[in-house]
Amino acid sequence: MLPSTRARRSAPARRDDGMTLIEVVVALGLFLVITGAVLSLLGGAIRLAKEDRYRMAATSLATRELEITRDAFTSLTRGPTTITTNQVVNPNPLPGGTANAPLVVDNVPYTVTRTAQWAQVGSTAASTCDDGSSAELAFLRVRVEVTWPGLGADRPPVSTDTVMTPPKGTYSQSTGHIGVRLLGAEGEPLAGRSVTVSGPGGTSSSLTADDGCAVFAFLPEGAYAITPNLPGHVNRDGTTSKTVQVQAGRLVRTTMEYALASRVVVAYETEPGHEPKGASGFPVTLANSALLPSGMTVVRGTVDSAGTQALTNLWPYPAGYEVWAGACTDSDPYQSDRPRALVAATPGGTSTVTLPLASVQIKVGGANPGNKAVTAKRADDATCPGGATISLGNTNSAGVLRTSVPYGRWTFTGNGRTKERTLDWSENYLAPWTL
């Protein structure tokens with residue numbers, strides 16, 4: 001049977017109906033993908049153009065800083081010794097700018113960091129603090145680094161290096177030099193930290209370089225105190241400065257480890273009424289295997305009206321300290337099977353510990369025994385760090401003093417009378433005994 005005329009006419013009409021919904025969606029998706037790719041390429045091109053512009057400006061600033069430094073170095077009126085060594089930040093502002101403030105170019109703030117350090121003849125070390133100790137400083141290493149906001153690990157800063165050599169005989173042969181490296185508690189270099197050196201050549205300060213090194217060159221001979229300007233920090237030995245001797249023609253190298261100091265407050269376990277109020281200079285032993293040379297150190301403080309004693313400027317060892325009252329081996333009440341008290345050493349923090357003492361009741365003999373001062377001293381042990389005399393306070397009207405002292409062998413003195421006693425942690429000394 002032949003198809004009808006109506007059916008034959010309807011077939012071409014269906015081919016001209018237009019795109020289906022699926023075709024529209026696919027086309028729109030392709031358009032979005034292509035548009036996104038184009039926009040991404042355009043964005044990348046814009047970012048690269050901006051990055052290139054930033055880097056060109058940074059390169060110009062780095063070159064400018066080197067030229068300013070070179071001009072001062074070779075100047076007949078200024079000269080090499082006028083160059084500020086070690087690390088300085090934004091030392092030369094742009095016209096109309098402010099010293100030490102970022103250098104602004106096209107509304108972008110740039111930070112220019114210059115590191116200049118003197119190096120020895122024939123030096124191949126990366127840092128002057130790694131050089132030898134007996135050679136003339138011959139040339140100035142200069143490194144300039146320029147950074148700006150938005151830099152990351154994949155966008156390194158712009159940097160440039162050079163060396164500058166002065167004419168031979170520029171410097172006096174009677175001067176010497178100091179190279180000091182600052183390290184943190186974990187041995188990491190402390191960069192950009194201020195260090196002050198004081199001695200016969202006066203007082204000067206400088207910032208450490210990225211490796212923690214600061215060099216003070218061409219100093220008159222003599223003793224110099226090196227003090228890092230790190231508030232609240234201490235060296236491993238609890239000090240905040242170090243003295244070195246500068247000799248002509250020599251580079252004195254030294255390393256100083258610094259960390260936020262720890263503080264320990266000691267409370268004492270005593271019998272009621274025998275608190276060591278008013279006692280002065282109680283020695284306390286701190287033990288840690290890292291303490292040289294013996295693994296122990298003795299510190300002192302004053303017992304306050306509350307019967308506690310603050311020990312300050314302690315190095316924050318992660319393992320903390322074992323602690324006992326007294327300065328000698330026989331002062332340790334934990335010599336047998338008793339564990340020692342352990343106290344944490346928190347950087348910049350305060351820890352507390354309670355230590356046992358020997359409670360004693362001392363009766364002073366002689367005429368008018370009331371209100372007499374009583375002292376205690378380590379007996380016949382000149383090598384013991386606890387050999388200093390400790391003031392224990394005054395007797396009451398009946399000539400009796402109730403107080404507490406660290407364990408060990410002591411010589412007690414009051415009203416002109418003296419008595420030696422050994423106080424053992426396993427004994428009780430509350431019964432009065434007379435000097």
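**Figure 1. Overview of the predicted protein chain.** The protein chain holds two helices and 28 strands, where helices (H or I, at least four residues) and strands (E, at least two) are DSSP runs numbered from the N terminus. This is a predicted model, in which local features need pLDDT of at least 70 and side-chain atom pairs count only at pLDDT 80 or more, while totals for chains, interfaces and linings use all residues. Residues are numbered from 1 along each chain as its sequence is written, and side-chain values use heavy atoms, with hydrogens and water left out. Of the 435 residues in the protein chain, 40% are buried; buried means under 20% relative accessible area, exposed means over 50%, and partly exposed lies in between, with a 1.4 Å probe and protein chains only. Among the contacts in the protein chain with a separation of 6 or more, 63% join residues 24 or more positions apart, a contact being heavy atoms within 4.5 Å.

**Figure 2. The open sheet with the strand order S25-S22-S28.** Three strands make up this open sheet, and their pairing is mixed; two strands are said to pair if DSSP finds at least two bridges between them. Strand S25 (400–405) and strand S28 (429–434) are the edge strands, each pairing on one side only. Neighbouring strands of this sheet are turned against each other by 25 degrees on average, direction ignored, with axes taken as lines fitted to C-alpha atoms (for helices over the stretch in contact) and angles running from 0 to 180 degrees between N-to-C directions. Strands of a sheet pair through backbone hydrogen bonds, either parallel or antiparallel. Strand S22 (residues 358–363) pairs with S25 in the antiparallel sense, over six bridges. Within this pairing, serine 359 has serine 404 of S25 as its bridge partner, and lysine 363 stands opposite valine 400 in S25. Five of the six residues of S25 are buried, so S25 is largely enclosed by the rest of the structure.

Figure 3. Leucine 392 is found in strand S24 (residues 390–394), and at 1% relative accessibility leucine 392 counts as buried.

**Figure 4. The open sheet with the strand order S18-S15-S21.** Three strands form this open sheet, again with mixed pairing. S18 and strand S21 (350–356) stand at the edges with a single partner strand each, so one side of each is left without a neighbour in the sheet. From one strand to the next, the twist averages 25 degrees. Strand S15 (residues 262–269) and S18 pair in the antiparallel sense over five bridges, and in this pairing valine 266 stands opposite glutamine 309 in S18. Asparagine 313 also has its place in strand S18; although asparagine 313 is not a glycine, it has a positive phi of about 55 degrees, and with a relative accessible area of 39% asparagine 313 is partly exposed.

Figure 5. About 330 Å³ of space lies in the largest pocket. On a 1 Å grid over the protein atoms alone, a pocket is an open set of points with protein on both sides within 12 Å along at least five of seven lines, where a cavity would be a set of points in which a 1.4 Å probe fits but cannot get out, and lining residues have an atom within 4 Å of a point. Grid points are joined across faces, edges and corners, and a volume is the space filled by probe spheres set on the points. The lining consists of 18 residues, of which Arg236, Asp237, Gly238, Leu291 and Tyr317 lie nearest the centre of the pocket. Strand S17 (296–301) and strand S18 (308–314) each supply at least two residues of this lining. By class, the lining has ten nonpolar, five polar and three charged residues; Ala, Val, Leu, Ile, Met, Phe, Trp, Tyr, Cys and Pro count as nonpolar, Asp, Glu, Lys and Arg as charged, and the others, Gly among them, as polar.

**Figure 6. The surroundings of valine 146.** Valine 146 has its place in strand S4 (residues 137–147) and is buried, with a relative accessible area of 0%. Leaving aside its neighbours within four places in sequence, valine 146 is in contact with Ala58, Ala62, Tyr110, Thr111, Val112, Pro157 and Val158. The C-alpha atoms of valine 146 and threonine 113 are separated by 6.3 Å, and these residues are 33 residues apart along the chain.
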